[in-house]
Amino acid sequence: MKKFKTTALCTILSGSLLFSSCIGSFGLWNTLKNWNENTGNKFVNEIVFLAFHIIPVYEFAYLADIIVLNSIEFWTGSNPVAEVGNVKTIKGENGEYLVQTNENGYTIIKKGEGNKPLDLVYNEEQHTWNAEAEGHSYEIIRMNEDGSVTFKLQDGTPATVMPDAMGVATAQAALQPSK
């Protein structure tokens with residue numbers, strides 16, 4: 001058991017030397033976080049934050065940054081998310097992908113499947129973030145005119161709350177997994 005712990009510790013320390021200085025700017029995740037910080041008051045920000053964790057928007061953005069975008073930034077010196085309008089080719093385990101940064105979001109296309117783009121789009125007019133693929137659009141979150149916020153629960157049913165302490169508590173309770 002002691003030999004296993006020593007080997008594991010040596011492996012971790014060696015790995016940390018190999019992967020140092022490759023942190024990257026986390027452009028996609030930071031763009032998403034900065035957008036959330038500017039959506040309104042702290043209650044709206046909390047509801048958006050919770051909804052983006054349930055739908056796993058933050059998790060996918062963070063994973064894309066860690067695995068793909070920060071590696072591109074390390075080797076090319078630029079992050080594709082940081083440059084609106086540019087298209088970068090990214091090699092992944094399952095093939096190559098084209099990532100285009102748009103003014104209102106992002107488009108991802110797997111090479112060879114050019115007719116199946118996946119878009120993450122912010123509609124400023126309607127105050128919504130939408131996932132769009134194969135002619136279908138899925139609204140992730142909406143800020144309503146009456147000041148309320150509507151998001152989807154894990155089972156897909158919509159939930160609307162006010163952006164205040166009571167609304168945040170209600171959203172947190174609704175998003176807690178059943179025990």
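## Aromatic pairs

Rings of Phe, Tyr and Trp (its six-membered ring) count as a pair when their centres lie within 6.5 Å. With that in hand, a search of the whole of this predicted model turns up three aromatic pairs. Let's look at two of them. Trp-29 and Tyr-58 make a tilted pair, at 6.2 Å centre to centre and 50° between the planes. This pair links distant parts of the chain, with Trp-29 in helix α2 (residues 27-37) and Tyr-58 in helix α4 (residues 57-76), 29 residues apart.

Tyr-58 also pairs with Phe-49: the ring centres are 5.8 Å apart and the planes lie at 50°, so this pair is tilted. Planes under 30 degrees apart would count as stacked, and those over 60 as edge-to-face.

Together, Trp-29, Phe-49, Phe-52 and Tyr-58 form one aromatic cluster. How exposed are its members? Tyr-58 has a relative accessibility of 3%, so Tyr-58 counts as buried. Trp-29, at 25%, counts as partly exposed, and Phe-49 is also partly exposed, at 36%.

## The sheet

Elsewhere in the model, eight strands build an open sheet with antiparallel pairing, in the order β1-β2-β3-β4-β5-β6-β7-β8. Its edge strands are β1 (87-92) and β8 (158-161), each of which pairs on one side only. From one strand to the next, the twist averages 25°.

Conventions. Residues are numbered from 1 along each chain as its sequence is written. This is a predicted model: local features need pLDDT of at least 70, side-chain atom pairs count only at pLDDT 80 or more; totals for chains, interfaces and linings use all residues. Side-chain values use heavy atoms; hydrogens and water are left out. Helices (H or I, at least four residues) and strands (E, at least two) are DSSP runs, numbered from the N terminus. Buried means under 20% relative accessible area, exposed over 50%, partly exposed in between (1.4 Å probe, protein chains only). Two strands pair if DSSP finds at least two bridges between them. Axes are lines fitted to C-alpha atoms, for helices over the stretch in contact, and angles run from 0 to 180 degrees between N-to-C directions.
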